[in-house]
Amino acid sequence: MGAIGMKMKVKVLIGILIVLVIVFGVLMFRYAYNPSYDKSVVMTKDDIQMVLDKRLDVKNIYVKSVREDKLGAVDNPVVYSEFFVKDNMAKVIEMTENGKRKIYQEDKNSGEGIWIFETKGTVAKFKNQMSAFDLIKGYDYLDLEKDVFASDTYIKLVYLGKTKIDDRNVIAVLLERNDRVKELLYIDEETGFILKHITKSIFTNYTTETQIKVGSVTDDDVRFIDYEKDYPDFKVVDM
């Protein structure tokens, strides 16, 4: 009985410790990175959605997003993504952890679109496989009604207030899910892009950080690939 009783006490203590760690983690997660938020302006879910939708009207912007998976739970994750938009031209570059690169380009004026996949000295090119504009608009984008609270996954949205990241005005929002995963979002007020997206649970811990430059994209940034110039040492394959 003594040994059994001791085992029960150890299990109870371990259980209490786990609960304390979870509670502490939630509190730290909620107020991490910037514990002081400006709550002088109250925003509803619809107000926040209006800010998120601003990215749909962006005319000239450079965006770079870097995702760090601290637990290594994602197999071959995208290390970073770069987006270029200028008027009706768009380019998306994705770099994966194993060094492979994908490029998506689209010209709305001509309707032309290409997808390029680089691997082992070969460039595979596809036509109209995926819209670069759709990738940019859809990257880390949330429709709070259709994509979030239309399901049973998300159970609460908490508006934390306003703050700044890299001198840009952002809206801080906490999303709570019924699987005990919490997402902390910092949404850029001007463009609607999420400058920082932190997702945490017991088994999940990754952060996406995004840099934005408005009005910085040139014609050369969004020009279509010149295979002879850009890939002189690669074998180009039409798919």
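Student: What do the buried residues of helix 2 pack against?
Tutor: In this predicted model, the buried residues of helix 2 pack against helix 4 (144-148), strand 7 (154-165), strand 8 (168-177), strand 9 (182-188) and strand 10 (194-200). Contact means heavy atoms within 4.5 Å. Helices (H or I, at least four residues) and strands (E, at least two) are DSSP runs, numbered from the N terminus.

Student: Which residues of helix 2 are buried?
Tutor: Helix 2 covers residues 45-52, and its buried residues are Ile-48, Gln-49, Val-51 and Leu-52. Buried means under 20% relative accessible area, exposed over 50%, and partly exposed in between, with a 1.4 Å probe and protein chains only.

Student: Why do they line one face of the helix?
Tutor: Seen down the axis of helix 2, the buried residues fall within an arc of 155°, so they line one face. The arc is that of the directions from the helix axis to the C-beta atoms.

Student: And which exposed residues does the face turned away carry?
Tutor: That face of helix 2 carries Asp-46 and Met-50, which are exposed.

Student: How should I read the numbering and values?
Tutor: Residues are numbered from 1 along each chain as its sequence is written, and side-chain values use heavy atoms, with hydrogens and water left out. As the model is predicted, local features need pLDDT of at least 70 and side-chain atom pairs count only at pLDDT 80 or more, while totals for chains, interfaces and linings use all residues.

Student: Changing topic: which residues touch the most other members in the largest nonpolar core?
Tutor: Of its 27 residues, Val-92, Ile-136, Leu-160 and Tyr-186 do. Helix 3 (residues 132-138) gives the most to this core, with four residues. Apart from it lies another core of 15 residues, among them Leu-52, Leu-144, Tyr-159 and Ile-194. A nonpolar core is a set of buried Ala, Val, Leu, Ile, Met, Phe, Trp, Tyr and Cys residues joined through side-chain atoms within 4.5 Å.

Student: How do strand 4 and strand 5 pair, parallel or antiparallel?
Tutor: Strand 4 (residues 101-107) and strand 5 (residues 112-119) pair in the antiparallel sense over seven bridges; two strands pair if DSSP finds at least two bridges between them. They form a hairpin with four residues between them, and Gly-111 in the turn has a positive phi of about 80°.

Student: What stands opposite Trp-115?
Tutor: Phe-126 in strand 6 does. Strand 5 and strand 6 (residues 122-127) pair in the antiparallel sense over six bridges.
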